[in-house]
Number of protein chains: 2
Amino acid sequence: MTQIINKPKDAVSQVLNGVAFIHQEKLERLSNTGIIKKQQIDDSQVALISGGGSGHEPAHFGYVGEGMLSASVSGPIFVPPKTAEIVKAIEAVASEKGVLLIIKNFEADVTNFLEAKKMAQQSGIKVAHVIVNDDCSIEEGSYKKRRRGVAGTILVHKILGAAAKEGKNLDELKQLGEDVVASMNTLGVALASGKTIGQEEAVFSLEKGEISFGIGIHGESGYRKEPFFSSEYLANELINKLLTQYPVSISELPFAIMINGLGATTVMEQYIFANDVKRLLQLEEIDVVFQKSGNFMTSTNMAGISLTFLALKEKKWLDYLNEPTDAFAW
Amino acid sequence: MTQIINKPKDAVSQVLNGVAFIHQEKLERLSNTGIIKKQQIDDSQVALISGGGSGHEPAHFGYVGEGMLSASVSGPIFVPPKTAEIVKAIEAVASEKGVLLIIKNFEADVTNFLEAKKMAQQSGIKVAHVIVNDDCSIEEGSYKKRRRGVAGTILVHKILGAAAKEGKNLDELKQLGEDVVASMNTLGVALASGKTIGQEEAVFSLEKGEISFGIGIHGESGYRKEPFFSSEYLANELINKLLTQYPVSISELPFAIMINGLGATTVMEQYIFANDVKRLLQLEEIDVVFQKSGNFMTSTNMAGISLTFLALKEKKWLDYLNEPTDAFAW
């Protein structure tokens, strides 16, 4: 499929210039970097930064705004930003209360963000980090949970963003982030591969009518392929796998859920799936008190969907989810 | 490509149930209808209704909310809602100040909405209508402008919604709507056809690397096919065609622009295109004072993009565009 691009090597930079143009009232790009930041940084609160490779839009720049992130750092497609750029982002938003890094659990991301944290600390900035690892899919062969950071990361942005605005300090935010991550699970499914920008070939291949469970946001293969039967069947499979992650005592808590389109899944399909999720969770007597559906963290134009569950251990978490934000993709 | 659906005949109904679930705090579905409405109808203002065939999500239910529509009516895929359902929607939201119908200019839509208007008037409800015909593409053969209602319809929802909330009466809103429509032009381009829900076949076909100018939102063929060169070239072509719609005196006014993804175009592509639009409009010395980019009115999962220009004849129009709304897709 033809893509609306110019030279592929300029794609990420042009995307960021486009973001700065469309959202010029509130956001700005630090020139020649992958950094999108709020124009007005509030010095009285902890600043939040997230980022990663490009190809997951509107993550993460879509979550920069009042009550969410202070800045995002975008690397090349599916490649994390360089350490030096992360340091630059930290310096650009740092307040006396410090900076919290929200990192998706991929080895290269974690390495670069932690390296940047160390460098910023050496120059006297208070920095802490939270690693998000909501993916509960299983590795083929080893049967280990892969625990990558996927769509649930956006819920972490929202909860920590509202808590930072409320005035929580760096230690409190780190603790809150870790508590939220420990209560959160996401499982995704792919129906067709996307093509990354500037590439002719699909990232992976599936037979017609076949779906892949536990797909990653970079096209990492899933843990099982099977024929597609129906949205209801799919919802049932994902819900069952997600609920097994929670002991019964936890599954009695109120839940927040997020349905995330991976890029090429239509809005119609997302709401059909949402309707099935609703009915099946009613049958399971799960108390859903917060629900959201949309394209929050994509994998270029992959066809597929993910479902995130967050057991709300504290009433306050729901308040944080419901706080207003002007981040454009929330 | 596999689609996340159950029985195709149930698709639209299940979509609307999904919408009512995800947005349960503010919206509701009138059961067994295509109607999504605000839970709280403000009797002190004119109520606004829009609608049409399904397949254009998040249009139009995504624009139901405070300061935009009071209700939307969805028909089957690419088929307008039945007259009786439109009447039902009018009755459900009618206030003493009346109801304004915002209709996209397709023959079957206009017929059903005007029939419904007549029936509601006979039962004593004040109803007026505005027809949106922003598409400035050319019909092959006759060389006439096709003037269908496309993405610019969303700007009409926003401006009229804010004006209705401000207290304008039915006649004033109709006049305002017609003035806005007369200042607005949209041109779209397709890079690949979508597949409608439940269909195996693409709606139309394009050679690899070929694009089609002036495509409709139901897969109506464009007015010219040519090879794709670059986002910049595409932006240049669309801008040139759009600017020829305005006399020089008008092109000196401030403009609002909207970039609309048609379904399968990635967020990266949309912002790359936005960046080209920005640079080219600067060269043309067009004063852009409002800009928006996203998937506002899609054609299922068609790959493509449209560009809408609105010459802001009144400063007030910009205020209306900037007024807050809680409609989830704005």
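These legends describe close-up views of a predicted model.

Residues are numbered from 1 along each chain as its sequence is written, and chains are lettered from A and ligands numbered from 1 in the order in which they are written. In this predicted model, local features need pLDDT of at least 70, side-chain atom pairs count only at pLDDT 80 or more, and totals for chains, interfaces and linings use all residues; side-chain values use heavy atoms, with hydrogens and water left out.

**View 1. The interface of chain B with chain A.** Contact joins 62 residues of chain B to 62 residues of chain A (contact: heavy atoms within 4.5 Å). About 4,800 Å² is buried between chain B and chain A (buried area: accessible area, 1.4 Å probe, that two parts lose on being put together, summed over both). Carbon and sulfur atoms give 69% of that area. On the chain B side, B:Ile4, B:Met268 and B:Tyr271 lose the most area to chain A. Together they account for 19% of what that side buries.

**View 2. The two domains of chain A.** Domain 1 covers 10-179 and domain 2 covers 184-322 (bounds from an automatic or database domain assignment). Their centres, taken over C-alpha atoms, are 22 Å apart. Domain 1 of chain A puts 39 residues into the contact, and domain 2 of chain A puts in 32 residues. The two domains bury about 3,000 Å² between them. Of this, 66% lies on carbon and sulfur atoms.

**View 3. Helix 4 against helix 5 in chain A.** Helices (H or I, at least four residues) and strands (E, at least two) are DSSP runs, numbered from the N terminus. Helix 4 (residues 153-166) and helix 5 (residues 170-182) of chain A pack at about 150°, axes 10 Å apart. The two helices are therefore roughly antiparallel. Axes are lines fitted to C-alpha atoms, for helices over the stretch in contact, and angles run from 0 to 180 degrees between N-to-C directions. Angles under 35 degrees count as roughly parallel, over 145 as roughly antiparallel, 65 to 115 as roughly perpendicular and the rest as oblique. The crossing of helix 4 and helix 5 of chain A is right-handed (near helix turned clockwise from the far one by less than a right angle; anticlockwise is left-handed). Helix 4 of chain A contributes A:Val156, A:Ile159, A:Leu160, A:Ala163 and A:Ala164. Helix 5 of chain A answers with A:Leu173, A:Leu176, A:Gly177, A:Val180 and A:Val181. Nine of the contact residues are nonpolar, one is polar and none is charged. Ala, Val, Leu, Ile, Met, Phe, Trp, Tyr, Cys and Pro count as nonpolar, Asp, Glu, Lys and Arg as charged, and the others, Gly among them, as polar.

**View 4. Helix 4 against helix 9 in chain A.** Helix 4 and helix 9 (residues 315-322) of chain A pack at about 95°, with axes 8 Å apart. They are therefore roughly perpendicular to each other. A:Leu155, A:Lys158, A:Ile159, A:Ala162, A:Ala163 and A:Glu166 of helix 4 meet A:Lys316, A:Trp317, A:Tyr320 and A:Leu321 of helix 9. This contact has seven nonpolar, no polar and three charged residues.

**View 5. The loops on either side of strand 4 in chain A.** A:Pro58 sits in the loop between strand 3 (47-54) and strand 4 (71-77) of chain A. The peptide bond from A:Glu57 to A:Pro58 is cis, with omega near 10°. A:His60 is also in the loop between strand 3 and strand 4. The bond from A:Ala59 to A:His60 is cis, with omega near -5°. A:Phe78 lies in the loop between strand 4 and helix 2 (83-93) of chain A. A:Phe78 is not a glycine, yet has a positive phi of about 60°.
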